[in-house]
Amino acid sequence: MPARRPAAAAALPVAEGPRVRITDIGFEGTSPERIKELRPLLQTTTSVEGLRVGALQQDAVDRDVATCVGFFRDRGFIDVIVEHTVQMHGERAILIFKIHEGGQYVVDGVTVFAARRSDDASLFSFDDRLESLDRPVAHLDADEIAQIESLYLGQAYRPATSAEIARCLHESYLRRGFV
């Protein structure tokens, strides 16, 4: 039988503070119309006596910040910055999202250029592995490019816009028999 090691007990005093409840969620830096669209997308809930606790949960707040960023980027505000603060009032708290929208990006044109792929480049790569040949695209005419451009012209630029335009171009090539 192995030798018994001496044991010790540790007593750690814990002084719990009050449970913080979110009583309101506020927004700064954006329009009332956008707040109305954004509010239902948030995971953080406010306290309703007898119905919802509305506890302050940092992981939910972090997800809400990410939701706000995605919301604004999908509307063309690519440079958006979202911060949050909590204003304490005893056991009650107000969660405030501070939004710095930046400028709204819109599509003002589509330029298609011929490129040569390097060996490891994927078909729709938009990075520096594609080398511009600075010549017109041989199998698309200006009217077809203008038609694709008209689908996006003046609309808010979203992170998915480039991929959507690339898909339209790819479909144009497929209709012409190119793979």
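Just after helix H3, Gly154 takes a positive phi of about 80°. This is a predicted model, in which local features need pLDDT of at least 70 and side-chain atom pairs count only at pLDDT 80 or more, while totals for chains, interfaces and linings use all residues. Residues are numbered from 1 along each chain as its sequence is written, and side-chain values use heavy atoms, with hydrogens and water left out. Helices (H or I, at least four residues) and strands (E, at least two) are DSSP runs, numbered from the N terminus.

Helix H3 spans residues 142-152, and within this helix Glu144, Ile145, Ile148 and Tyr152 are buried, that is, under 20% relative accessible area, where exposed means over 50% (1.4 Å probe, protein chains only). These four lie on the same side of H3, because they cover an arc of only 100° around the axis, the arc being that of the directions from the helix axis to the C-beta atoms. On the other side of H3, Ala142, Asp143, Gln147 and Ser150 are exposed. Helix H4 (161-175) is included in what covers the buried residues of H3, contact meaning heavy atoms within 4.5 Å.

Strand S3 pairs with two strands, as tabulated below; two strands pair if DSSP finds at least two bridges between them.

| Strand | Partner | Sense | Bridges |
|---|---|---|---|
| S1 (residues 21-28) | S3 (residues 92-100) | parallel | 7 bridges |
| S2 (residues 81-89) | S3 | antiparallel | 9 bridges |

In S3, Lys98 is the bridge partner of Glu28, and Ala93 is that of Met88. The hairpin of S2 and S3 has 2 residues between the strands, and in this hairpin Gly90 takes a positive phi near 70°.
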